[in-house]
Amino acid sequence: MLSGSEQNPDLTDKDYRRILKERLSSAATAPVEKFRTDGEDFVEADNLKDLVSGMNALAGNELLDDEEIRKQIELRDLQVDHPFSKDPQITFINGARHFLGDKFIRTAKPHKFLDGRKLIAVKLHIISRKTLGGIQTNLNSQVFNQDEELIKGLYAAGEVAGFGGGGVHGYGALEGTFLGGCIFSGLRAARGIDAE
Ligand SMILES: Cc1cc2nc3c(=O)[nH]c(=O)nc-3n(C[C@H](O)[C@H](O)[C@H](O)COP(=O)(O)OP(=O)(O)OC[C@H]3O[C@@H](n4cnc5c(N)ncnc54)[C@H](O)[C@@H]3O)c2cc1C
């Protein structure tokens, strides 16, 4: 797994020349490209039939039917041309592309999957990458019980206390902003424990 900073060395190294070169090119950043070329979970093909048979071979079964998948992709592709697309992902990308920064750096122009370009499939391994917590605390990281009374001597900090993303940064958990909240709530807990 690659973290956001590892995926984007041009940005994290503030290498302006590399940013221009990599972001204006149609290829992904070098570390992401390496996943495609060397990753054992990647399947590439020139057509859907070959892609699906590669996916089945990788998974070691015949669960995927290329005609069934073709129907689903064709329905999705119909939405690409539509100015009021009903596909929420396409609508979201089109919206993001009104902002110049997102247009050049974060998004690719939506296109039809079955437009003759090379197709890529990635085998997913589902894991829980992060949580937004569950333990309720006050701003001194002291833990509440279910009756909303403080439990004496019990502190919780970081992701388990909802401070990864969701806590300090509001409802949405924005990528790359977890560590700040985790460290901040750890600091509050340490100060609270010290003051006890
Ligand atoms: C792949 C990945 C990339 C990420 N990239 C970023 C990023 O770029 N920027 C960013 O801000 N955030 C990022 N995050 C999120 C960030 O790393 C986490 O939110 C943060 O590390 C959580 O810190 P924490 O101390 O709350 O929990 P953790 O770091 O999960 O620490 C919990 C610790 O408790 C230990 N533990 C669990 N159970 C027990 C037990 N029973 N007894 C003793 N110890 C136990 C665990 O071993 C672990 O060491 C990323 C997360 C992942 C998984």
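Predicted model: local features only at pLDDT ≥ 70, side-chain atom pairs only at ≥ 80, totals over all residues.

**Helix α5**

Helix α5 runs over residues 48-59, and its twelve residues reach 16 Å from the first C-alpha to the last, which is close to the 16 Å expected at 1.5 Å a residue. At the N-terminal end, α5 is capped by Asn 47, a side-chain oxygen of which lies 3.2 Å from the backbone nitrogen of Lys 49. After the helix comes Gly 60, with a positive phi near 75°. Within α5, the residues Leu 48, Leu 51, Val 52, Gly 54 and Asn 56 are buried, and the buried residues of the helix pack against β1 (42-45), α6 (66-81) and β2 (119-122).

**Salt bridges**

Side chains of opposite charge can pair when their charged atoms come close. The structure holds twelve salt bridges, and the table gives some of them.

| Salt bridge | Closest N and O atoms |
|---|---|
| Asp 66 with Lys 49 | 3.9 Å |
| Glu 68 with Lys 71 | 3.6 Å |
| Asp 115 with Arg 117 | 2.8 Å |

Asp 66 counts as buried because its relative accessibility is 15%, under the cut-off of 20%, whereas Lys 49 counts as exposed because its value of 54% is over 50%.

Glu 68 and Lys 71, by contrast, both lie in helix α6, where they are three residues apart, about one turn of the helix. An α-helix has 3.6 residues a turn, so residues three or four places apart point the same way. As for Asp 115 and Arg 117, Asp 115 is partly exposed with a relative accessible area of 35%, and Arg 117 is partly exposed with 46%. Salt bridges also link Glu 33, Arg 36, Glu 44, Asp 46 and Lys 118 in a network.

**A surface patch and a buried residue**

Leu 11, Leu 20, Leu 24, Leu 100, Phe 104 and Ile 105 make a nonpolar surface patch of about 590 Å². The elements that give two or more residues to this patch are α3 (16-24) and α8 (100-106), and the largest share, three residues, comes from α8. Leu 24 lies in helix α3 and is exposed, with a relative accessible area of 59%.

Asp 10, which is found in helix α2 (residues 9-12), is buried, with a relative accessible area of 0%. Leaving aside residues up to four places away in sequence, Asp 10 touches Asp 15, Arg 18, Ile 19, Glu 22, Arg 23 and Thr 29.

Definitions and conventions. Residues numbered from 1 in each chain as written. Heavy atoms only, no water. Helix = DSSP H or I, 4+ residues; strand = E, 2+ residues; numbered from the N terminus. Expected span 1.5 Å × (residues − 1). Buried < 20%, exposed > 50% of the residue type's maximum accessible area, 1.4 Å probe, protein only. Contact = heavy atoms within 4.5 Å. Polar contact = N/O pair within 3.5 Å; in protein donor to acceptor, adjacent residues only side chain to side chain. Patch = residues over 30% accessible without salt bridge, like charges linked within 9 Å, V, L, I, M, F, W, Y side chains within 5 Å. Areas by Shrake-Rupley, 256 points an atom, 1.4 Å probe, with all protein chains shown as cover. Salt bridge = Lys/Arg side-chain N within 4 Å of Asp/Glu carboxyl O.
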